[in-house]
Each structure stands twice: as C-alpha cells, then as structure tokens.
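Subject: Structure handover and findings

Hello,

Here is the structure for you to look over. Please open it next to this email; my notes follow below.

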Amino acid sequence: MTDHFFLEHQGMVLDFQQSEEAMNLLAVNTSRSRIERTPCAAYPPFVAGLAGQPWGFMPSTVAGYAALPQEMRLEYIAEEPGNLLMRYVHTASKLAVLVELHAIPSAAVIRQTTTAINEGNTPLTLTHLSSACLQGLASDGLRAWDDPSKLRLHYCRQAWEGEGQWRQSGIEELGLYRTSVHPCGTAVHLSSIGSWSTASYLPMAVLEDLETGKVWNWQIEASSSWHMELGYRAAWSGNAGGLFMDVDAASERHTGWSKTLAPGERFTAAPAAWGCTSGGFTQAIEQLTRYRRMVLKPQPADTKEPPLMFNDYMNCLWGDPTAEKLLPLIDAAAAVGAEGFCIDAGWFAPRAGSWGNGLGDWRPSPDRFGELGLEGILRYIKNKGLIPGLWLEMEVCGEDAALAAKPDGWFLLNHGRRIGGGSRWFLNFTNPEVCAYLQGVIDRLVEMGVGYIKNDYNACIGPQVANVNSGGADGLLQHSRAFYNFIDKVRDRHPRLIIENCGSGAMRSDYAALAHFHLQSSSDQEIHTLYPSIIAGSLAAVLPEQLGVWAYPWPLLFPHKDNADILQSDTYRAQMADGEQTVFNMVSGLCGNMYLSGHIDCADAFNQALIREGTALYKSERPFITRSHPLWPSGMPRFMDADTWVSVGLTDDESRILLAVWRLASAASEFMLRLPHMSGRALRVRQLYPSQGFNAPTTWNSAEGTLTVKLASPNSARLYELLVN
C-alpha cells in the first residue's frame, strides 16, 4: 500500500509516495493540491550509477532513466525538526545511499547531502552520484509542460571580465521538447569542467512557471567539475511523467568522474540547495539569499563585516607597488575614509622582470620598498588607522621560485607531469607538508601585521588530477575540498584575519568556496561603464555583503599603465572635472562590498570630496546591505547593451529600497523603472548620492508602480532611497 508523506516548509510542499520499501519524491510545489494534466511519476530524490549496472536507455539524459535508484529499497526514514533522513539499500550490490534533507529556517530552501556507502565485501565503482534530483517540477496548471508559453529557465553565463550575464529561455530553445509518444530523450544540460567552476556558467538556475506564478531554484556547491540537467521522465506504459532536475559534481558521462569504494568506504556528493516559492525570479533569489546568509556565510571573529579596503591594483599600480608610489596612495586612502589598504601583486618581486614567475616563496621584494622595507610600509598603513593587506596566490608556484625545487609530491600531477605551466604549477593541498609550508607563510605575514589577505586564483586545473585519492575527476574534487579544509584551519588559527577569494575576478565564485572566504571578487572588469551589468547579475549569485565591487575613480587604464603622467594632464583633469565618472564608480561600489582603487592620490579636491561622501555613505549603509536582498526594476541587463539604462535595488523588506540607477550611452535622458510590488503605495524618493549639486529628479506613479528617473548626461549614475510613507 502506498501513502503520501508531506514535508512542508516555508510555503513549500514536498510530496513523497511512501510504502514499506519505497520513499519516492512525487512533486516539489507550493501546495498539496495541484491541478495536473498528467499524473506525476515518483522516483527517489537521488541518482546513483555503478559500473556494470545499466545506465538506462537514454544516453542524452544521465538522470532521467537511471535504473539503479528504482531498484533500491527504503531501509528507514527518520524525521526530526528541520531534518529528514532516508536510507536506501541495493540488495544485490550492497550499496547504501543516505539522503539528508535539511530545511533552512526562514527560507523556502532545502539543503541536501547525499552519501553513498559500500556495505559489501568487494569494491564498488560509482559512476554517478547526484547532489539532488527533484521530481514533479511545474506539474500543475492547465498548460502542458512543453507549451511554449508555460516555462522559462533563467541561467547565467560567465566570462572573464564579463560575469553575471543572466538569460531566460524557453526550455524548447535550450533542448528540452517532446519528440514522440515514447518517453522523452531530450534534456537541458549546463556544465563546467575544471577548477574554474564559474568560468562558463554559474552552478545555479531558476525555473519559472509563467502560468501558475511559481518558481523553482537550485544551486550546487562545488569548485570542481559540475553538471545540471533539466529533463522530462515518463514511464513506457501509462501516461505518468514529469519534469526533473538533477545536479551533480560526480558524473562519468558529463564530468568524467568515477570513484571505486573499498568495503566500508563512503563518498559524499557536493551539497545542493533547492526550493520552490510563489512569485518570479526575484522571489527565488530572495530565498537563496536568505539561505546563503544563514548557512554558508563565514563570519569574522569580531562579528563585524569586512572592512572597506583600498586595493592598489585595479586601474592603479597594476602590480608594480613601490614605496614612492604607495605612500601617497595610503595617505589618500586614509583621507577618503578607507578602513584598510591591500598591497596587490608584485610586492614580492624585484623591480626588474615579471612578478608572475616568482609565485610561491612569498618573501618581500629586496628593492621595492627602500629603507622602510615591506614591514615598514605595513607599519605605515597601520599607523594611518588602516588594516594592512597583501595579495597572495596560495595555490600555485612559479618556476623561478625556490619552492619549485620541492619534490613532485608537493604538486598536482597528471600524465606524470606537474599540472599548469611554468609560471603556475598547482600545489597539492592533500600533502601535509604543503599545508604546513603555507601555514608558515601566513603566520609570518600575520606577524608582520597583515590582517587581510586577497587570495587570487589565475589559472584553471583541467578535468583530472592523477595523484590525489583515486585520481581523475575525483582527484580534482577531493583536492578542492582539501584546500578549503586548509583555509578553515587558517581562519581558526587567525580568527581576525579577513580572507578574500578572487579567481581572476569571479572564475571560481561558487558557494563551495564562499562558505570559507569572507569576500568574493565580482570581476576584473576595468572599464567602469561595462561594470553595471556584471554587478546586477552577480548579486543573484553572491550575497551583497560578500560581493566585492570595484570603485576606481581617477583610473589609470591598463594601456596607459606605464604612463602615469597622463593623470596630471590638462586633458585628463578636464575629462574628470564634472565628477560624473567618480559618481558612477562610487554608485557601483555602493551595491555590494566596496573595493576602492584608482589613483585617488591624484584626484582634485572636488572629486576627493565625492569619494569621501561615497565611502561615508557606504559605511553607514553597510548594516542595511548586510541584511538586504536584490531586485531588478529594469530587468537583467546585457553586457554589450551600451545604449540603455541599468538599475538594481537592495531591500530588506517592503518599506525601504536602495536603488542604483546608471544611464549608459543611451540617448534618452529619462527612463521608467517598474516596481509592481509597490503599486498603490505612497513612496518618498530621496537622492542619497551625491547628496548635493547633482540633482537628478524622479517621478513616482503609484497607480502604475513606475518610477521615472531623469539623468542629463550619458554615462552617469545616482543612488536613491525609496521609503514607504
């Protein structure tokens, strides 16, 4: 006999079909009662594969028709407040699978962990273990799942200096459509290979049902290769079927992963978070934002948010710090309200030659800092009331470093060779000697006064690592876990140390990483007018207070990096005289965790005053940013759309919104933003930044829920406060 078992949480309903030997997920929805054109088909909430066992008959769908999970029987189920634990066993192979569903307080999100255990006497080779597999998505309503007007998938493309590019498409456009009277063999696949886990796509997506006004969201927390699949699974007989979603970092077909488990050995898949709520994309991201803040965000020991740092790299020193360049910048950073100063790349390299090949020794340059030395520069920073910071790239070693002479066991290997090029060989953090060495480096830097480390990651490990655990794709996965375990130990040893995660910008910005780092760089983008679309999209993936956003007024662009005199030219100063570029930059920085840079030491008094006002406002709004979630009144922008406007809001409830508005190269001097959830309400709109002399009027239409903003010149921006009267 089959019964229904319901798990209800924050407006979300998980509908299971339960019998004495089965516990199968039927639907994830917002209601027990659903109008379904086609009865849902129930399956276990995971997918597993074993070598020698049939995959199922559809090669295009890893999860859709995998046979093994349906052969497993439910051994027990344990329910306790906030948790549901299910244990499945496969009698013939002696494989057991534990599925734990943890309901997140105050968020319509479930965090799932899935563990496979070899309980037999002979080795078993896993070829697939999902992080989660959901059934019965968008199963209700009058329209069929393949109706072109019913479903939209929101997914995010990523590129170096072009992160956060969200798109929405019908599922047919992406590859999921009905092909015949037989079970469907099409699916949508998104995946990433290697350790730059967010270089092509973000490991998250949102499925929106335009008919019923419901949304499903998910993210996978993996810094190795990962795969997501959205498909339709149906039985050969009868008409039962439904949409499923599978996410994993352990799939032989799509990421090359497999793992042989010895008797008694276990493997836990990368965690996944998923949920369902009413509304649209914004509401789905609100729930994920709550989850990330409650469960994943690491907190410094003093419980304060990370400081407002000045970093000398972007549009500034470009990896060429010297005493004569740093001292005026440090003075200027302190004068405009920064709370810390991070010396970026190059502090360890001699003045002549490239710093890139010397990574790994992390000894101060012998000729960059004069009589003061690096320690003197760090003391100078501290005496200015700023937290001293340094750039590292902990995970690599350059061929010119003394560290390069260490045995190959200190490095990641594939095909018998060190992975990477000569400028960056990857260190092996499963080797205790490597961890001890890097811990010693960090201990030494902290002793010198360093309170902030920017850890960069400028190269990508390929799909396999041969000399970690069982090797292959699993070697890559296990190595990423070993590195984050090392970071946790560093934080335990130095609890006041702030550690930033940078991966050539945001090429590794998943929450496997961000559960261990305080901050995440949003981009290496150096052109200020291209940044707003990156900020808008990245806020859907990273907590606002963890998202490092560059504000680089008075920039020295990379093509001019060897010609700093240009900053003092009459032409340059005339270009900056109206302050609009400075305002644009500061508005961008006010949308997340501000990273201040640029040659602010060269700025005139007018622009320095605008910078001071911006940093003061950021520090006063930081508590609000820390409890906010994003919204997008003009939708998600596209990177190359220059002839447009961009807006993004941060809100903690329905009574206050911080609203950033950028006019790019648009010829239109006014733009209408849509805030439908505010319709019929009286709003007081106030320009927060700049507070004087840059008036940009607005008009609120309560009946239509629209706000019209006027900006007189292209490539300008303002920050507003919207308050419900």
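Let me start with one leucine. L174 touches L153, Y155, S169, A187 and V188, leaving out residues up to four places away in sequence; contact here means heavy atoms within 4.5 Å. L174 sits in helix 2, residues 171-174. Helices (H or I, at least four residues) and strands (E, at least two) are DSSP runs, numbered from the N terminus. L174 counts as partly exposed, at 26% relative accessibility. The cut-offs are under 20% relative accessible area for buried, over 50% for exposed, and partly exposed in between (1.4 Å probe, protein chains only). L174 and L153 are 21 residues apart along the chain, and their C-alpha atoms are separated by 8.7 Å.

Some ground rules. This is a predicted model: local features need pLDDT of at least 70, side-chain atom pairs count only at pLDDT 80 or more, and totals for chains, interfaces and linings use all residues. Residues are numbered from 1 along each chain as its sequence is written, and side-chain values use heavy atoms, with hydrogens and water left out.

Cores

A nonpolar core is a set of buried Ala, Val, Leu, Ile, Met, Phe, Trp, Tyr and Cys residues joined through side-chain atoms within 4.5 Å. The largest one has 141 residues. Which of its members touch the most others? They are F341, I343, W347, F486 and W662. A second, separate core has 67 residues, including L124, W226, L261 and W274. In soluble globular proteins, nonpolar side chains tend to be buried together.

Leaving aside neighbours within four places in sequence, I343 is in contact with D312, P321, L326, L374, I377, L378, I381, G389, L390 and W391.

L14 belongs to strand 2, residues 12-18. Is L14 buried or exposed? L14 counts as buried, at 1% relative accessibility. Beyond four places in sequence, L14 touches F5, F6, L7, L25, A27, L101 and W274.

Helix pairs

Helix 13 (residues 580-589) packs with helix 14 (residues 605-626) at an angle of about 15 degrees, and their axes are 10 Å apart. That makes helix 13 roughly parallel to helix 14. Axes are lines fitted to C-alpha atoms, for helices over the stretch in contact, and angles run from 0 to 180 degrees between N-to-C directions. Angles under 35 degrees count as roughly parallel, over 145 as roughly antiparallel, 65 to 115 as roughly perpendicular and the rest as oblique.

The crossing of helix 13 with helix 14 is right-handed. Helix 13 contributes T582, V583, M586 and G589 to the contact, and helix 14 contributes N607, L610, I611, G614, T615 and Y618. By type, the contact residues are five nonpolar, five polar and no charged. Ala, Val, Leu, Ile, Met, Phe, Trp, Tyr, Cys and Pro count as nonpolar, Asp, Glu, Lys and Arg as charged, and the others, Gly among them, as polar. Helix 13 is mostly covered, with ten of its ten residues buried.

Helix 8 (residues 432-447) and helix 9 (residues 472-493) cross at roughly 35 degrees, and their axes come within 11 Å. This crossing is right-handed. C435, L438, Q439, I442 and D443 in helix 8 meet F486, K489, V490 and R493 in helix 9. That contact has five nonpolar, one polar and three charged residues.

Loops and backbone

A cis peptide bond joins Y689 and P690, with omega about -10 degrees. P690 lies in the loop between strand 38 (683-689) and strand 39 (698-701). P697 is found in the loop between strand 38 and strand 39. P697 is partly exposed, at 39% relative accessible area.

W362 is not a glycine, yet has a positive phi of about 55 degrees. W362 lies in the loop between strand 22 (340-343) and helix 7 (373-383), and is buried at 1% relative accessibility. H415, not a glycine, has a positive phi of about 55 degrees. H415 sits between strand 25 (413-414) and strand 26 (417-418), and is exposed at 71%.

Best wishes

Notes. A crossing is left-handed if the near helix is turned anticlockwise from the far one by less than a right angle, and right-handed if clockwise.
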